[in-house]
Protein chains: 2
Amino acid sequence: MNIPNYNDVLVAHERIKPYIHETPVLTCSYLNDLTGAELFFKCENFQKAGAFKVRGASNAVFGLDESKAARGVATHSSGNHALSLSYAAGRRGIPVTVVMPHTAPQAKKDAVIGYGGKIVECEPSTSSREATFEKVLEQTGAEFVHPYNDPRVIAGQATCARELVTQVEKLNAVIAPIGGGGMISGTCLTLKNIAENTEIFAAEPVNADDAARSLKAGYIIADDAPQTVADGLKVPLKELTWHFVSRYVTDILTATEEEIIAAMKLTWQRMKIVIEPSCAVPLATILKNKPVFKGKRVGVIITGGNVDLDTLPWL
Amino acid sequence: MNIPNYNDVLVAHERIKPYIHETPVLTCSYLNDLTGAELFFKCENFQKAGAFKVRGASNAVFGLDESKAARGVATHSSGNHALSLSYAAGRRGIPVTVVMPHTAPQAKKDAVIGYGGKIVECEPSTSSREATFEKVLEQTGAEFVHPYNDPRVIAGQATCARELVTQVEKLNAVIAPIGGGGMISGTCLTLKNIAENTEIFAAEPVNADDAARSLKAGYIIADDAPQTVADGLKVPLKELTWHFVSRYVTDILTATEEEIIAAMKLTWQRMKIVIEPSCAVPLATILKNKPVFKGKRVGVIITGGNVDLDTLPWL
């Protein structure tokens, strides 16, 4: 197992800077009053391709040598990694193939195609995705860039927390959603090196709480096809992300579908930003665990803003 | 007629700084490519109370002497001015009464009450509103703060363009929506004093194009009850705003309902920000008048983000 270290993060940050935004941090006095905490929202919904995943994808794509790059890249993804890898490959001018569940939001499919990516559809389960993907790799000879279980990807995602700690002083805690664990692993990698007293919380839907159950059990529990409105958080932990999650995460908090949707709508209403259901899970868990965060300075990672505006979950 | 001057703007800016945000300017490479212009979006949707109107309202409220302030302020508005005046009065701790049609959206009523405002309901007609408002003024002795035909309000709105020209160098043009003309008047007041070569465009719905027809005719034309999705832009010009619009506006461009809704949805999708239909009118007019803006650096004022998320116009 090739575990990325903090030097990999520094190399990644230099490599990807031309292709990403240093995203802004927003605050909202209404939400501070409501939660009793000081919340600092790191707005990766304003990131290139609409999500933090462009950090890891760009690090992988621009780190390839010429001969590997010429054969292109491929991945399977529930959404934003697909867009991000397509964006990065497009910027480098190399081919990219993405295996996606046919149930993925149309907006995400359109965006992949808009960046020049090729889509191969599968069923919405981990087993179907992995089987379909095997065939794609055989046919293309492309470099596999896993959405999260890849040291290049984790080192890339880690640049987000690196920006955050330079933008906001003295954070007591950082919270981010957890699906496969790429963002959380990158956050652990950065904070344990440059802000070791900052607590790290992960937030997960009750309906896809495999990471929370894993942390409690002490080993990876993987569900095959959980159902949740937070479509970015259905995938299970893998060995690399488990390495970070099991060692450095303080706690994994969960929220119901209703709580997630309410937190999403509240964020749109009060902060005037478009965020995905997945990014509303941290705020939902803060609202139901106020004593945990009361009086603390908390970084909240808004992971993406790629929403199908024609099918909003509260309508 | 008491026409505000640029010194009034400087005084206003110092006065209101503790109560407003210096809102960020966002850019979007996708929209730059699409329009052929360099667009700089001044995000007043992130402003306190969700709209630029808090600038003028705060200037009026915090400029009152103690004895006048003690009797409170009042206005008639079913929109952002009602929220903004309630916010400002709440910050100063003085009474505020808002006359609103009983048909106004519950969300707006709740927001006014949330800021500590008192609502007096009227029938949804001009005669009922005026009669009700007269009574309120008599009973309370409150200071009337008009939504736009008021020099204190125009001087307050002018602080938005003052921020914009310090945030973005060498703007060739600025464009903002026009309803009663408060924002455009403030923009004229600032730019003609500190950036006189910057062109000023106003953007208006075809369905409520009274300002465009006024500019062409050379006198104020007021429509009785125009119907448009851009609900902030239904009101007519008045003598103070006509003073600025007739002298300093390069052109008033118009967009249809379909064009406004498409530009609104595009902004949500690509910029990941929640904006009102009224703020989408400038982008809609830029998209249909590309040669006017091609190659120019254009400030686009996003006036507010108070949207009813349960009734989006494209659904």
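Q: How close do the axes of α9 and α11 of chain B come, and at what angle do they cross?
A: This is a predicted model, in which local features need pLDDT of at least 70, side-chain atom pairs count only at pLDDT 80 or more, and totals for chains, interfaces and linings use all residues. The axes of α9 (residues 182–194) and α11 (residues 239–248) of chain B come within 9 Å and cross at roughly 55 degrees. Axes are lines fitted to C-alpha atoms, for helices over the stretch in contact, and angles run from 0 to 180 degrees between N-to-C directions. Helices (H or I, at least four residues) are DSSP runs, numbered from the N terminus.

Q: And the numbering?
A: Residues are numbered from 1 along each chain as its sequence is written, while chains are lettered from A and ligands numbered from 1 in the order in which they are written.

Q: Is the crossing of α9(B) and α11(B) left-handed or right-handed?
A: Left-handed. That term applies if the near helix is turned anticlockwise from the far one by less than a right angle, and right-handed applies if clockwise.

Q: Which residues of α9(B) and α11(B) meet?
A: On α9(B), they include Ile184(B), Cys188(B) and Leu189(B). On α11(B), Phe244(B) and Tyr248(B) are among them. Contact needs C-beta atoms, placed from the backbone, within 7 Å.

Q: How do the residues of that contact divide?
A: Seven are nonpolar, three polar and one charged. Ala, Val, Leu, Ile, Met, Phe, Trp, Tyr, Cys and Pro count as nonpolar, Asp, Glu, Lys and Arg as charged, and the others, Gly among them, as polar.

Q: How do α8(B) and α9(B) cross?
A: The axes of α8 (residues 151–167) of chain B and α9(B) come within 7 Å and cross at roughly 55 degrees. That makes α8(B) oblique to α9(B). Their crossing is right-handed. The contact has ten nonpolar, six polar and one charged residues.

Q: Switching to chain A. Which domains is chain A divided into?
A: Domain 1 (6–51 + 150–302) and domain 2 (54–144). The bounds come from an automatic or database domain assignment. Their C-alpha centres lie 23 Å apart.

Q: How many residues of the two domains are in contact?
A: 27 residues of domain 1 of chain A are in contact with 20 residues of domain 2 of chain A. On the domain 1 side, α8(A) gives the most, with eight residues. That side has 13 nonpolar, seven polar and seven charged residues.

Q: What about α3(A) and α8(A), how do they cross?
A: The axes of α3 (residues 53–62) of chain A and α8(A) come within 7 Å and cross at roughly 135 degrees. They are therefore oblique to each other. The crossing is right-handed.

Q: Now both chains. What rotation superposes chain A on chain B?
A: One of 179 degrees, with 0.0 Å of shift along its axis (RMSD 1.0 Å). The two copies are thus related as by a two-fold rotation axis. In chain A, the C-alpha nearest the axis is that of Ile273(A), 2.1 Å from it. Superposition is by least squares on the C-alpha atoms of residues with pLDDT of at least 70 in both copies.

Q: How many residues of chain A and chain B are in contact?
A: 14 residues of chain A are in contact with 14 residues of chain B. The chain A side divides into seven nonpolar, four polar and three charged.

Q: Why do the copies meet through the same surface?
A: Because 100% of the interface residues of chain A are also interface residues in chain B.

Methods. Helix = DSSP H or I, 4+ residues; strand = E, 2+ residues; numbered from the N terminus. Parallel < 35°, antiparallel > 145°, perpendicular 65-115°, else oblique.
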